[in-house]
Each structure stands twice: as C-alpha cells, then as structure tokens.
Amino acid sequence: MTTLIDMSIADLLARKVWLAPMAGGVTTVDLAVAVGGAGGMPTLAAGYLPADAVAADLVAFRERHPGPVGVNVFTPQPRTVSAEQLRRYSELLAPVAERLGSRLGEPVHDDDDYEAKIDALVQEAPALVTFTFGLPTAHDVSRLHGAGVTVGVTVTCVEEGRRALEIGADVLIAQAASAGGHRSTHDPLRKPGSETVADLLYGLLPLDAPVVVAGGIVDAAGVEAALRGGAAAVSCGTAFLLADEAGTSGVHRQALQDARFSSTVVTRAFTGRPARALTNAWTRLGVDAPTGYPDVHWLTRDLRRAAAHHCNPEWVHLWAGERWQDIRAAPAAEIVTALLSDGR
Ligand SMILES: Cc1cc2nc3c(=O)[nH]c(=O)nc-3n(C[C@H](O)[C@H](O)[C@H](O)COP(=O)(O)O)c2cc1C
C-alpha cells in the first residue's frame with residue numbers, strides 16, 4: 001500500500017538538487033524560497049536557533065512559497081570534554097580574545113532546544129525533517145511520521161545508515177568527507193572517515209533506502225555522476241555560499257574568493273566537533289582542540305563574532321567544502337539551474 005509518506009518522499013526526490021542546511025545564518029528564508037522556486041528542495045537550518053524562531057522561519061517560508069521544505073535539527077550530544085581540557089583550550093585562546101577586544105564565553109553543554117523543536121515540527125509538519133550529529137529516538141520519528149513528515153538522517157558511514165533505518169528513517173543523507181561545515185559523524189569521539197560520495201553509495205545503496213548524497217558537488221557534472229551512481233538526489237552546501245540570498249557573512253564571502261586561502265582542513269578548533277573550513281590562523285593554532293560540542297562552540301562564539309565584525313578572517317570559522325574554489329556568486333536560482341543543466 002502506498003502511504004502518504006511514500007507519496008511525499010517521491011515528491012521530494014523528484015527534486016534532484018537539495019539545498020543543504022547551513023546553520024549559523026547562511027541558510028536564510030530568502031535562500032530557501034529562491035531554491036524552491038527554481039525547482040530545488042530547500043532545507044532550513046534549525047541549528048543554534050530556539051524552537052520559536054524555527055517555527056517563525058517555516059511560517060515565513062510558507063507565506064512566500066507553496067512547495068515542500070525541510071528543516072534540519074542537531075541531535076543532543078553526550079558530554080565529551082573535561083573542565084581541565086576546556087581550561088587549557090581557554091588559556092590558548094585568551095590572548096587572541098584580548099587582541100580582538102573580545103572575551104571567551106561560558107562553555108555551556110546545552111541541547112539546542114531539541115525537545116521544543118521536535119514539538120514545534122510535529123505541530124508545523126514541514127514535508128521533511130532531517131537530523132544531524134546522531135539519531136533521533138524511534139519515538140520522535142514515529143511522532144513526525146504521525147504528522148505526515150518524512151524523516152531523513154545525515155550519515156557518514158554504512159553503520160550509521162543501518163542504525164538510522166532501524167529507528168525508522170525514510171531517507172539517508174550521505175555526507176562525504178569533502179563536505180563543508182560540520183561532519184555529521186554520530187559518535188563525536190570517532191575520527192571522521194575519508195569516504196567519498198562513491199564509497200558511500202556503494203555501501204548504502206544495498207540497504208534499500210533512498211540515498212541523497214552531499215559533499216563536493218558544485219557543478220552539473222557532479223550532480224550527473226552522483227545520480228548515475230544511484231543517488232536519489234544531491235545535497236549542496238558550498239555551491240550556495242556565495243548565492244546572493246545566502247546569509248554568508250562579508251568576511252566569509254571575501255575569504256572564499258581570496259587566493260590567500262588555498263586549502264581546507266577538518267578541524268575541532270571552532271566548535272569542538274570536526275568541521276571542514278578554510279585553513280587560517282585559528283585552524284593552525286587549534287590543532288589539538290578538545291572534542292567537546294557544543295561546549296567549545298559556546299566558549300568561542302563571541303570571539304568568532306568579534307573577528308567577523310572586524311573583518312578579520314584569521315579568527316572566523318570559514319566553513320567550506322573541498323570544491324570551494326569552483327563556486328561563484330550568483331542568484332540562487334541560477335546556481336540551481338546550472339547544477340541541474342545536465343542532471344535532470
Ligand atoms: C556554512 C555551512 C553550514 C553548515 N551547517 C549545517 C547544518 O546546520 N546542518 C547540517 O546537517 N549540515 C550542515 N552543513 C553541511 C551541509 O549540510 C552539507 O553536508 C555540505 O555542505 C555538503 O558538502 P559541500 O559543502 O561540499 O556541498 C553545513 C555546511 C556549510 C558549508
């Protein structure tokens with residue numbers, strides 16, 4: 001029997017280019033509307049936002065676009081960092097904070113308003129809810145299903161994919177090592193793997209669920225290759241960092257186009273969780289940063305904001321995927337059209 005969720009999944013997967021969620025201000029409602037309007041599948045980013053702001057973004061999206069939209073949620077994280085490790089990392093960063101006229105923050109271990117977000121999403125029922133950094137409970141999945149919501153989980157290896165399907169996920173978002181921003185590795189203490197999109201497709205397709213792939217896809221050839229390899233759709237983040245409608249900060253935009261930044265690195269330096277960023281003074285200083293998300297995120301947030309305010313790219317988290325040198329500034333609709341030009 002074909003269920004409502006099956007119909008919704010088919011509708012979502014008919015859109016071959018998904019806007020990857022990008023928390024911290026990059027994904028705006030404007031960007032999501034533009035991508036949806038161009039035939040892409042937008043996902044709003046709920047990370048770092050309180051539940052009422054997430055609900056407000058959904059309302060704002062729906063006022064402007066009738067198509068489907070997803071929302072991405074960070075799952076709560078186990079505490080993995082000691083007070084002593086945080087103290088040592090603070091000592092390393094304190095002189096930088098002083099130089100920038102900023103302060104280090106309180107390293108709080110919060111749950112990013114998780115339960116309230118699940119309640120709001122059950123209430124608002126977007127077409128899709130995806131989870132990153134771990135698994136929701138089977139109970140959360142069944143509440144979302146009850147509201148007619150398709151559930152996706154971002155996975156970085158086959159084992160994570162298998163577990164996601166066990167708790168009822170409908171779609172796997174397979175994130176390869178080349179991806180920009182945080183790796184979604186479910187165990188924060190596990191070193192993130194080096195899987196490519198092809199490796200992930202090879203391992204995950206036999207699990208018999210739709211696989212949407214992410215990581216290093218910035219052009220039509222990348223979309224084409226992923227679809228030919230069996231991906232149900234592709235999810236692109238970095239390709240949209242310079243979109244006119246993206247909320248990417250000025251300092252981040254400039255650095256992405258500045259030849260002085262010539263490599264990316266996976267680093268825990270900014271938030272305590274591995275994430276791919278342009279190599280800068282902070283990624284070099286913080287090579288031994290502790291594993292401790294979100295504690296380290298709170299410790300460093302004000303310092304990063306101060307540096308962005310002063311347009312100092314050396315002390316900002318410049319998230320970028322490995323293919324950042326191949327992206328361009330343009331309206332988001334043009335970027336979607338270019339990605340789809342061979343991949344439809
Ligand atoms: C600026 C930025 C912010 C991101 N924030 C999130 C997020 O909030 N949730 C998430 O699941 N992934 C996040 N990611 C990862 C993307 O969803 C996606 O996996 C990645 O961008 C795909 O690789 P690409 O950047 O090479 O396209 C972020 C990526 C970037 C570049």
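I looked up Asp295 and found its side chain in a salt bridge with Arg79 (3.9 Å, N to O); a salt bridge here is a side-chain nitrogen of Lys or Arg within 4 Å of a carboxyl oxygen of Asp or Glu. Asp295 lies in helix α12 (residues 295–309) and Arg79 in the loop between β3 (70–74) and α4, so the pair ties together parts that are 216 residues apart in sequence. Helices (H or I, at least four residues) and strands (E, at least two) are DSSP runs, numbered from the N terminus.

This is a predicted model, in which local features need pLDDT of at least 70 and side-chain atom pairs count only at pLDDT 80 or more, while totals for chains, interfaces and linings use all residues. Residues are numbered from 1 along each chain as its sequence is written, and side-chain values use heavy atoms, leaving out hydrogens and water.

I then checked accessibility (buried under 20% relative accessible area, exposed over 50%, partly exposed in between; 1.4 Å probe, protein chains only). Asp295 is buried at 1%, whereas Arg79 is exposed at 58%.

I searched the whole structure and noted 19 salt bridges. Among them, Arg143 pairs with Asp119, the closest N and O atoms being 2.9 Å apart. This pair links helix α6 (residues 138–146), which holds Arg143, to helix α5, which holds Asp119, 24 residues apart. Arg143 is partly exposed at 27%, as is Asp119 at 40%.

In helix α4 I found Glu84 and Arg88 four residues apart, about one turn of the helix. Their closest N and O atoms are 3.3 Å apart in a salt bridge. Glu84, Arg87, Arg88 and Glu91 are linked in a salt-bridge network.
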